[in-house]
Structures are given as structure tokens and as C-alpha cells.
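Biologist: Please take a close look at one part of this model for me, the packing between helices. Then carry on to whatever else stands out.

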Amino acid sequence: MRSCLKRLLVFVLIVVLAAVLLSGLLSHRGNDSGRKLPSLLGNETQQAEKPDDWYHFLLIGTDTRPNEDAAGRSDTMIIASVNQARGKVKLASLARDTWVSIPGKGENKLNAAHSWGGPDLLLETINQNFDMHLTDYVSVDFYGLIDIVDAMGGVEVEITKAEASAINSSVASEHPRVKVTRVKAGNAQLCGVQALSYARIRKLIGALLEKARRLNLLQLMSVFEKGMNALTYRTEKDPIQLVQMFTGLKGGIDSMEELSLPSEGHYRYVDKNGVSAVGIDPRQVAQEWHDFVYGQ
């Protein structure tokens with residue numbers, strides 16, 4: 001499920017920021033009609049000013065139900081490392097149950113930092129435990145996917161009988177007030193709540209990207225309007241630069257390199273006052289991340 005959510009998180013980032021870019025160009029087209037529009041799903045690699053530099057930021061996926069605490073716990077945490085000149089993106093996901101020291105709060109699971117202090121405390125916690133210097137972040141509320149998919153007019157996927165059953169059960173239990181047609185095995189058209197349920201069991205990214213290719217500018221702007229409610233960010237790069245970084249990958253999103261931290265063989269399950277957590281050696285995690293990004 002972590003891999004599905006990671007790709008979903010990146011997709012939301014791309015679509016929303018691309019919509020920002022497109023709407024911006026539309027509003028200025030009278031003054032900048034000769035400007036080249038980067039492709040939403042293009043293959044051109046833009047050259048960075050400093051070819052050997054990596055740009056790092058934290059991707060945060062929250063899974064906060066309606067009426068819950070505004071910050072919520074971070075369901076997905078990914079350190080995104082981008083080398084635009086080389087056309088490379090490396091994603092290192094951090095296990096949410098990792099037991100760490102949280103500044104001013106004592107020891108707890110990593111995802112608790114976001115609940116207590118939002119992105120800033122989460123960044124501080126990661127930096128302190130893993131000797132990093134992250135300052136930028138992009139945060140996505142996965143429940144915002146519901147509005148995004150509905151703004152796209154739904155998404156078409158091929159599902160099995162077991163998947164259809166899982167989607168229907170999830171929608172009935174988590175969204176009892178939403179009236180939707182139960183899906184069946186085969187070719188299914190999913191609305192927002194159904195797409196969110198499907199994203200937890202299968203990869204939704206391919207179907208969403210295929211649908212995105214068919215959206216016109218007005219539809220993209222509608223996706224942007226809905227998506228902005230699910231996305232907050234603080235980055236040194238402007239929207240155009242972020243879009244170029246991700247759409248410039250030669251092999252597309254599937255060419256991104258991924259690493260899960262802690263990796264297999266480098267963690268143990270521990271009991272902390274009756275709470276099950278993932279025990280680690282922070283120095284080992286820090287070194288493995290460094291080797292993953294800079295070692296090749």
C-alpha cells in the first residue's frame with residue numbers, strides 16, 4: 001500500500017502544480033504568447049543551473065478524516081531528491097511507526113510529530129534524528145483526492161471481483177452518507193470516494209494519468225481549484241520549476257528510484273509501553289539515505 005500512496009502523492013503534486021502553471025500562462029498569454037509550455041507528461045529534461053546539485057524536499061501525505069484534528073498524523077512521509085540536470089528523482093519513504101526522539105515532546109512514533117506540530121515539527125524531527133537539513137515540504141491530504149477525481153469526471157479502471165468487493169465495503173463503512181452505484185468486476189468508472197478506496201489496494205496512478213491527458217485547460221483549472229484545498233507547500237522552487245522537474249523524467253513517473261527506510265534487515269519491532277513501534281539505528285538510516293542519493 002505504501003508504494004501506491006507514494007505514487008498517488010506524486011501524481012497529486014504534478015496535477016495541481018501543472019494546473020497552477022497552465023492557469024498562470026493563460027492569464028499572461030497576451031504578454032507572453034511566444035513562451036513554450038512544458039508538457040504535463042513530457043519527456044524533455046530541463047538543465048539545472050548546477051548540474052551536480054540535488055534539491056530535497058519532504059512530501060507529506062496526511063489521511064485525516066473529516067472533523068478530526070486539523071494537522072492529523074502523517075500517513076506517508078517521503079524525502080524527494082531531484083537532480084534536474086540528470087533527469088533523476090529519488091524517493092525515500094520513512095516508516096510512520098519509526099520510534100524517534102521528537103523535539104520538545106520526548107520519544108514517540110515519527111508520524112506523531114506532524115500531529116503535534118504540523119510540517120515544521122516533522123521536518124525538525126527528521127533533521128534531528130537523521131542528520132538532515134530539510135526546509136521545504138509539500139503536503140497532500142489524501143481525502144482531497146475525492147474532489148480531484150470528481151473534478152476530472154471520474155476515472156476508468158479494470159477491477160477484479162475481490163477489488164470491487166473491497167471498494168464497495170470501504171465506501172459503505174467510511175462514507176455511509178455518500179450515495180454511489182456499487183461497482184462490479186470488469187471495466188468500472190470510479191467516482192472520488194471509490195477512487196480513494198481503490199488507491200489503497202492497487203495502483204491508481206496509470207488510470208489517472210491517462211485521464212489527465214484528455215483534460216482541456218478549463219478542466220485542469222477545475223482540478224487545480226479542488227486540488228488546492230488538499231495541498232499546502234513551502235518550497236524554494238516556484239511551481240514552474242517543480243513541474244519541470246517531475247515532467248522532465250525521461251522514463252516518466254515509473255522511472256523514479258525508490259527506497260523504504262528503514263530497509264529490510266535494519267529494523268526491529270519494539271514494545272514501548274504497550275505500543276508496537278519500529279526500532280532503528282538513526283545513524284544507519286542516515287547513512288543509507290546518503291548512499292542511496294549520492295552513491296550513484
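Modeller: Start with helix 3 (residues 144-151) and helix 5. Leu145, Ile146, Val149 and Asp150 of helix 3 meet Gly192, Val193, Ala195 and Leu196 of helix 5, where contact means heavy atoms within 4.5 Å. By class, this contact has six nonpolar, one polar and one charged residues. Ala, Val, Leu, Ile, Met, Phe, Trp, Tyr, Cys and Pro count as nonpolar, Asp, Glu, Lys and Arg as charged, and the others, Gly among them, as polar.

This is a predicted model, where local features need pLDDT of at least 70, side-chain atom pairs count only at pLDDT 80 or more, and totals for chains, interfaces and linings use all residues. Residues are numbered from 1 along each chain as its sequence is written, and side-chain values use heavy atoms, with hydrogens and water left out. Helices (H or I, at least four residues) and strands (E, at least two) are DSSP runs, numbered from the N terminus.

Now the geometry. The axes of helix 3 and helix 5 come within 7 Å and cross at roughly 120 degrees. Axes are lines fitted to C-alpha atoms, for helices over the stretch in contact, and angles run from 0 to 180 degrees between N-to-C directions. Helix 3 and helix 5 are therefore oblique to each other. Angles under 35 degrees count as roughly parallel, over 145 as roughly antiparallel, 65 to 115 as roughly perpendicular and the rest as oblique. The crossing of helix 3 and helix 5 is right-handed, with the near helix turned clockwise from the far one by less than a right angle.

Helix 5 (residues 192-199) has another partner, helix 4 (residues 161-174). Their axes come within 9 Å and cross at roughly 120 degrees. That makes helix 4 oblique to helix 5. Helix 4 and helix 5 make a right-handed crossing. Glu163, Ile167, Ser170 and Val171 in helix 4 meet Val193, Gln194, Ser197 and Tyr198 in helix 5. The classes here are four nonpolar, three polar and one charged. Val193 of helix 5 is named in the contact with helix 3 and in the contact with helix 4.

Two backbone details remain. The peptide bond from Leu261 to Pro262 is cis, with omega near 0 degrees. Pro262 sits in the loop between strand 10 (257-261) and strand 11 (268-272). Asp131 lies in the loop between helix 2 (112-130) and strand 6 (137-141). Its phi is near 55 degrees, a positive value in a residue other than glycine.
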